[in-house]
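Dear colleague,

I am handing over the structure we spoke about, and it is placed just below. My notes follow it.

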Amino acid sequence: MELGPRIIFRIGNVPISETVCWSVIVSLVILVFVFFATRKMQTVPRGAQLLGEILVGFVYKMVKDVMGDVSEKFAPYCGTLIVYLGLGSMLGILDLRPITADLNCTFPLAVVTFILIHYNAIKVQTAKGYIKELSSPYPFMLPLNILSDTMFPITLACRLFGNILAGVILMALVYSGLHTASAALVEVFTGELAKDAVVPFFQIGWPLVLNFWFDMFEPILQAYIFTMLTMVFIDNGRHPVED
């Protein structure tokens, strides 16, 4: 079992991993859906347009509940984030490695969130006001708060990466164990140890419960948590302590 993403091909000396390939495919899927959802807008939405409007309405409501009157400004980013992370984390359904099981995917997104947090904080409070915010309630808290803020993208990226990678590893171990159990069952009835042609007695049916959790529910949950933390910290940065 490989813990890291496989290298699919190379462009010169630059390796292109499966994370990059699946990321491009997920992005294309989103773009194609958006194209068909907005190609022929109707007063009474149907099909892709209806699904798109439901998703957009959900995102705008979620952002408004957390961030208030600036929801229209940040909703596009948050909506793209939750859809991209959700779809990219559910690739296990197709027996592919989720893109979020790679720090090369989660960390850049966490850095973008980190930049948005501090950019908007400085924009609203000014640089002087933001330094005052970081120095609250005592000046010696400034380096501690800077260190804490610097660690934020690392913890945000590792939280998503760790949860999705754990699911990938657990499912691989489960299927490996079930394969061994199926081989042992074949050996009991045939008297020969089957290594290659094993009837997957124990791999049919019940593992779907684990697949549902690790490849559907958890990816949606982790994408939601990542997006929610993004909204909360951006909103907190826009409001000084006095507020």
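In which helix is the place of Ala48? Ala48 sits in helix α2, where helices (H or I, at least four residues) and strands (E, at least two) are DSSP runs numbered from the N terminus. Please keep in mind that this is a predicted model, in which local features need pLDDT of at least 70 and side-chain atom pairs count only at pLDDT 80 or more, while totals for chains, interfaces and linings use all residues. Residues are numbered from 1 along each chain as its sequence is written, and side-chain values use heavy atoms, with hydrogens and water left out.

To stay with Ala48, this residue counts as partly exposed because its relative accessibility is 26%, the class between buried (under 20% relative accessible area) and exposed (over 50%), with a 1.4 Å probe and protein chains only. Leaving aside neighbours within four places in sequence, Ala48 is in contact (heavy atoms within 4.5 Å) with Phe33, Phe36 and Ala37. Val34 is 14 residues away from Ala48 in sequence, and their C-alpha atoms are 8.2 Å apart.

Next come the pockets. A pocket here is an open set of points on a 1 Å grid over the protein atoms alone, where a 1.4 Å probe fits, with protein on both sides within 12 Å along at least five of seven lines; its lining residues have an atom within 4 Å of a point. A volume is the space filled by probe spheres set on the points, which are joined across faces, edges and corners.

The largest pocket holds about 790 Å³ of space. It is lined by 29 residues, and Phe33, Leu55, Val59, Gly79 and Val83 are the closest to its centre. Two or more lining residues come from each of α1 (18-39), α2 (47-67), α3 (71-89) and α6 (207-237), and α2 gives the most, with ten. By class, this lining has 22 nonpolar, six polar and one charged residues, where Ala, Val, Leu, Ile, Met, Phe, Trp, Tyr, Cys and Pro count as nonpolar, Asp, Glu, Lys and Arg as charged, and the others, Gly among them, as polar.

The second largest pocket has a volume of about 620 Å³. Of its 25 lining residues, Gly92, Asp95, Leu96, Arg97 and Val168 lie nearest its centre. The elements giving two or more residues to this lining are α1, α5 (141-190) and α6, with the largest share, six residues, coming from α5. The lining of the second largest pocket divides into 14 nonpolar, five polar and six charged residues.

With kind regards
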